[in-house]
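The following paragraphs go through the structure shown below, from the chains to individual backbone angles. Please keep the sequence and the coordinates at hand while reading.

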Amino acid sequence: MSSSSRPSDVPRPGRGRRGSPTFRLRVGLLLIAVVLSFFGARLLQLQGLDPNSYAEMATAKDVRDVVLPAQRGDILDRNGVALAGSVSGRMILADPLRTTADAPAIATLLADELDVDYFETLEQLRRPESRYEYIARRVPASDARDVLDRIKKAGFKGIWTENEPIRDYPAGDVAANLIGFMGTDEPLAGFERTFDAHLSGKDGRNRYTQGNGYRVPLAENSIVKPTNGHDLTTTLDRDLQWYTQKVLAQTVEDYRAKSGVAVVQDVRTGELLAVADAPTFDANDHLAADPDDLGSRALSDVFEPGSVQKVLTAAALVDAGKVTARTRIKVPAQLRRQDRPINDWFNHGVLKLTMAGVIAKSSNIGTVLAADQIGKRKLSSYLTDFGLGQRTDVGARGEAKGLLPNASQMTSQNKDRIVFGQSLSVNAVQMTAAINTIANGGVRVSPSLVKGSATMEDGTLVGTDHATSSRVVSEQAARETMLMMERVVDPEVGVAQRARVPQYRVAGKTGTAQRVDEDCACYDGSFSLSFGGFAPADDPRFTVYVVIHAPGVDGGGGSVAGPAFAKIMARALAHYSVPPTGSEPNQVPVEW
Amino acid sequence: MSSPAVQLRSRVSSFGEAAVEKARLTVVPVNRGRAPRVPFIVLVSALAIVGVVGLLLFNTSLQQASFTEAKLTEQASAMVDREETLRMQLDDLRDPQRIAGEAEKMGMVIPAAPAFLRLDGTVVGEPRPATPEDKLRIRPKPRTVPADLRPRVNVVKVRADRADRADRADRAERRADRSAEVEGSD
């Protein structure tokens with residue numbers, strides 16, 4: 001504008017140097033086009049040809065996807081004491097390529113801090129052509145942290161940790177046969193496996209962007225919180241379980257027996273306070289155990305109950321109105337029946353025993369004669385009601401339901417033997433629940449091992465919430481049976497005075513049964529010695545059943561299983577502060 | 001540019017100078033008072049600087065918080081780990097087997113039959129001292145082998161590579177002591 005007033009002859013400064021505007025414009029445009037076409041080409045390369053790989057590379061570099069492990073539920077005893085618990089742990093790993101140089105120093109440090117052997121570790125740290133060595137497994141996280149801190153401080157390289165949850169069984173072998181154990185990744189046995197869905201939670205995830213080890217604020221960050229597993233509360237009492245196991249182990253050891261089982265049941269609720277197996281194993285070190293010992297024999301082993309069965313026969317007879325404790329029975333020296341003669345365990349002439357005497361002296365002949373008054377059908381129905389031949393469904397794995405021939409399968413020879421406890425098989429918990437029926441005034445309470453409710457692997461609901469009770473025999477019949485059982489432990493007339501608990505009235509029954517060998521399916525000459533009973537007899541609180549399989553010494557249920565029964569019963573009564581009732585044991589006559 | 005105007009002027013001079021003068025359009029002179037530029041530039045720069053610095057500070061504080069978060073998270077998880085380990089050690093110490101072992105060392109035995117003291121002073125049951133016969137064997141008997149079969153023992157003392165349960169409990173105890181010390185010194 002101001003140039004309009006300028007004289008035309010004045011030459012413009014710099015016109016010659018810059019060239020014409022059109023030229024400059026074109027050159028500029030060309031340059032811009034060249035640069036932009038580079039950009040375009042790069043854009044095409046990034047977005048058009050292979051967009052995902054770049055996105056992935058960026059993600060891999062900066063985005064971390066971390067699994068937030070869910071805590072596995074604890075397995076607790078009835079008082080909330082942990083029988084199995086989870087602790088976060090680490091495995092300690094080494095890269096020998098980087099540790100070889102400092103191997104002795106690192107090995108010293110590791111051997112000092114952890115449960116590892118110096119020489120073994122040293123060898124691992126120097127192993128040629130290896131880049132991954134397990135130095136220690138299942139180290140508690142805080143210990144691993146301490147070790148790593150010390151290694152870092154000392155400036156050593158090539159040692160790192162990875163997550164590895166630890167399942168700890170603080171009481172070792174206590175209830176190990178029921179609780180089971182965990183393998184490296186999954187539960188392998190017992191409740192751990194049966195109730196895995198209940199115990200295990202659901203892992204969460206956290207996805208976030210990081211730079212140099214730190215979270216980048218305002219960048220991607222998403223969290224799915226882990227859902228922790230539920231605790232499983234059992235009806236077991238850890239201390240009583242421990243004591244029962246020790247008494248049982250001592251008995252099995254002293255009598256050089258093959259195995260043994262002891263069960264303690266609460267009379268009123270049917271809750272199992274202790275289910276002991278011998279031999280047992282340490283759940284923290286299951287690999288050291290014999291695989292045969294890992295399950296629960298109390299539920300998976302069936303055996304012929306022997307004379308303890310007479311209690312059920314007697315209760316059925318009393319309930320059917322056929323006998324009372326005072327019914328007189330003439331017992332011959334031998335009883336000739338269809339296929340073979342029936343004998344008693346002791347030689348005798350003709351005995352004049354009452355029904356109480358038959359039980360107190362454990363006479364097979366007397367029992368068979370008394371049971372002649374009841375039919376096969378009726379007997380079978382009573383025994384079914386007592387729970388024989390059916391699974392108890394307490395939640396244990398691999399429960400065997402035993403064998404109770406039904407009325408149509410039962411021959412009269414069968415029946416004769418069944419009334420004194422042969423030719424049928426039971427598991428120990430079944431039998432405990434059956435004896436408990438007498439203790440509980442004739443009402444059978446289904447046994448339980450789980451407090452509340454839990455779902456088994458196969459969908460069965462188990463637990464105290466699902467316990468059922470049903471009347472099997474009348475209260476009067478149960479009482480009459482109790483009177484007979486009390487005579488068993490009488491020091492003068494009974495066969496099992498060693499099963500007595502000082503100051504308490506105890507009712508019980510011995511059992512000495514021939515054992516069936518599984519291979520030949522015949523009696524192999526060994527015996528199962530047992531004692532089942534309850535106390536206080538006039539106001540029962542606990543039912544205890546002890547079975548010792550194939551002892552290496554001669555003996556009967558009273559002398560082998562009796563003392564173990566007495567110890568366990570005394571401990572249970574003391575532990576739960578059950579005072580003696582103060583009444584005197586009954587004196588029903590055993591002879592006439 | 002000025003020469004055609006001169007020609008035009010000479011051509012239309014007959015219409016009279018005044019008319020031409022009247023008809024000629026002129027641009028209204030720009031006469032806006034020039035606002036002082038400096039305050040504006042200062043304002044804009046100040047805004048820009050405050051914005052940039054603010055953003056920087058905000059970012060820094062966020063990043064700082066992220067560092068703190070990382071540190072605290074680490075501290076929290078270390079403490080959770082410590083708590084879990086201590087709880088496990090406590091559970092190990094409560095192992096009935098260990099307690100029974102300790103009690104046995106002190107010469108205690110579990111009584112065979114209990115006696116009860118009622119609130120009114122009467123005693124139910126017969127109190128009697130526990131005897132060594134009541135003793136429960138809490139560990140399996142060592143295996144006995146005939147003397148001829150027993151290998152000659154050459155004792156070499158080395159560090160145990162695998163601690164058994166009792167040893168583990170001892171360790172737990174030791175560890176608990178140690179961590180108590182650490183806690184104390186903190």
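What percentage of the 186 residues of chain B count as buried? In this predicted model, the value is 9% of the 186 residues of chain B. The secondary structure of chain B consists of five helices and two strands, and along the sequence these elements follow the order α-α-α-α-β-β-α. When contacts in chain B between residues at least 6 apart in sequence are considered, 51% of them join residues at least 24 apart.

Chain B also touches chain A: 36 residues of chain B are in contact with 39 residues of chain A. On the side of chain B that touches chain A, the elements that give two or more residues are α3 (37–93) and α4 (96–105) of chain B. The largest share of that side, 15 residues, is supplied by α3(B). Sorted by class, the side of chain B that touches chain A holds 18 nonpolar, five polar and 13 charged residues.

Chain A is divided into three parts: domain 1 (65–72 + 170–234), domain 2 (89–164) and domain 3 (238–284 + 296–575). Between the C-alpha centres of domain 2 of chain A and domain 3 of chain A there is a separation of 56 Å.

Two helix pairs can now be examined in turn. Two packed helices are described by the angle between their axes and the distance between the axes. Helix α5 (residues 103–113) of chain A and helix α7 (residues 141–154) of chain A have axes that come within 10 Å and cross at roughly 155 degrees. Because this crossing angle is over 145 degrees, α5(A) is roughly antiparallel to α7(A). The crossing of these two helices, α5(A) and α7(A), is right-handed. From α5(A), the residues A:I106, A:L109, A:L110 and A:E113 take part in the contact, and they meet A:D146, A:V147, A:R150, A:I151 and A:A154 of α7(A). By class, the contact of α5(A) with α7(A) comprises six nonpolar, no polar and three charged residues.

Helix α7(A) also takes part in a pairing across the two chains. The axes of α7(A) and α3(B) come within 7 Å, with a crossing angle of roughly 125 degrees.

Another helix of chain A, α17 (residues 412–419), is described by its buried residues. Here A:K415, A:D416, A:R417, A:I418 and A:V419 are buried. The elements of chain A that cover the buried residues of α17(A) include α13 (309–319), β16 (341–342), α15 (364–371) and α16 (376–385). Just after α17(A), A:G421 adopts a positive phi of about 90 degrees.

Positive phi values also occur in residues other than glycine. One of these is A:R138, with phi near 50 degrees, and its place is in strand β5 (residues 133–140) of chain A. Is A:R138 buried or partly exposed? A:R138 is partly exposed, because 18 other C-beta atoms lie within 10 Å, whereas the cut-off for a buried residue is 20 or more. For A:A550, phi is likewise near 50 degrees and positive, and this residue is found in the loop between β24 and α20 (557–575) of chain A. A:A550 counts as buried, because it has 20 C-beta neighbours inside 10 Å.

The backbone of chain A further contains cis peptide bonds. The bond from A:A278 to A:P279 is cis, with omega near -5 degrees, and A:P279 lies in the loop between β13 (272–278) and α12 (297–300) of chain A. Where is A:P536 placed? A:P536 is in the loop between β23 (522–535) and β24 (542–549) of chain A, and the peptide bond leading from A:A535 to A:P536 is cis, with omega near -20 degrees.

Methods:
Residues numbered from 1 in each chain as written. Chains lettered and ligands numbered in written order. Predicted model: local features only at pLDDT ≥ 70, side-chain atom pairs only at ≥ 80, totals over all residues. Domains from an automatic or database assignment. Helix = DSSP H or I, 4+ residues; strand = E, 2+ residues; numbered from the N terminus. Buried ≥ 20, exposed ≤ 12 C-beta atoms within 10 Å, placed from the backbone. Contact = placed C-beta atoms within 7 Å. Axes fitted to C-alpha atoms, helices over the stretch in contact; angles between N-to-C directions. Parallel < 35°, antiparallel > 145°, perpendicular 65-115°, else oblique. Left-handed = near helix turned anticlockwise from the far one by under 90°. Nonpolar A, V, L, I, M, F, W, Y, C, P; charged D, E, K, R; others polar.
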